[in-house]
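User: Hi! I'm new to this one, could you walk me through it?
Analyst: Happy to, let's take a look together.

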Amino acid sequence: KTCADNGVACTGTNKPRSNYNTIIGDTVSECCTPKTCAENNFDCGADFKRKAAFSTLIGNSVSVCCDPKTCRDNNIVCPAPFWVERPTFDAIIGNSVPECCTEKFCPDFVT
């Protein structure tokens, strides 16, 4: 009998295989396939962003579906003229001025 004939339920983080109605099977592993992060409607939360391949990655976890947000992702603004972006601003995982910016001191203003 086919997966459909056997009434195999693909629930939770699984979905029916593309040939579910025609393949022979009676178990979830035979009839179902894992969903992608997008199909699972996975929420990365406030401190993470969706990975570039979010729609094609198979998973349902932060480690698989998400990347930590950088200073740029968090729209951190370094208050001029006393703070400037750190040299690696775009790569730094952070969400505050001290994490993302470098403080300028008096000698930095001398010309």
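Analyst: One term before we start: contact means heavy atoms within 4.5 Å. Also, this is a predicted model.

User: Thanks! Which residues is T2 in contact with, leaving aside its neighbours within four places in sequence?
Analyst: With that rule, T2 touches Y20, N21, T22, I23, I24 and G25.

User: And where does T2 sit in the chain?
Analyst: T2 lies in the segment before α1, the helix that covers 3-6.

User: Is T2 buried or exposed?
Analyst: T2 is buried: its relative accessible area is 11%, and the cut-off for buried is under 20%.

User: What about the protein chain as a whole, how much of it counts as buried?
Analyst: Of its 111 residues, 24% count as buried.

User: Switching topic: how many helices and strands are there?
Analyst: The protein chain has five helices and six strands. Starting at the N terminus, the order is α-β-α-β-β-α-β-β-α-β-α.

User: Why is the protein chain said to be more spread out than a compact globule?
Analyst: Its radius of gyration is 24 Å, well over the 13 Å that the globule rule gives for 111 residues, so the chain is more spread out than a compact globule. The C-alpha trace spans about 85 × 15 × 15 Å along its principal axes.

User: What share of the contacts with a separation of 6 or more comes from residues 24 or more positions apart?
Analyst: That share is 14% in the protein chain.

User: Last one: how far apart are the mean positions of the positive and negative charges?
Analyst: They are 4 Å apart, for 11 positive and 13 negative charges in the protein chain.

Technical notes: Residues are numbered from 1 along each chain as its sequence is written. This is a predicted model: local features need pLDDT of at least 70, side-chain atom pairs count only at pLDDT 80 or more; totals for chains, interfaces and linings use all residues. Side-chain values use heavy atoms; hydrogens and water are left out. Helices (H or I, at least four residues) and strands (E, at least two) are DSSP runs, numbered from the N terminus. The radius of gyration is taken over C-alpha atoms; the globule rule is 2.2 Å times the number of residues to the power 0.38. Buried means under 20% relative accessible area, exposed over 50%, partly exposed in between (1.4 Å probe, protein chains only). Lys and Arg count as positive and Asp and Glu as negative; His and the chain ends are not counted. The place of a charge is taken as NZ of Lys, CZ of Arg, CG of Asp or CD of Glu.
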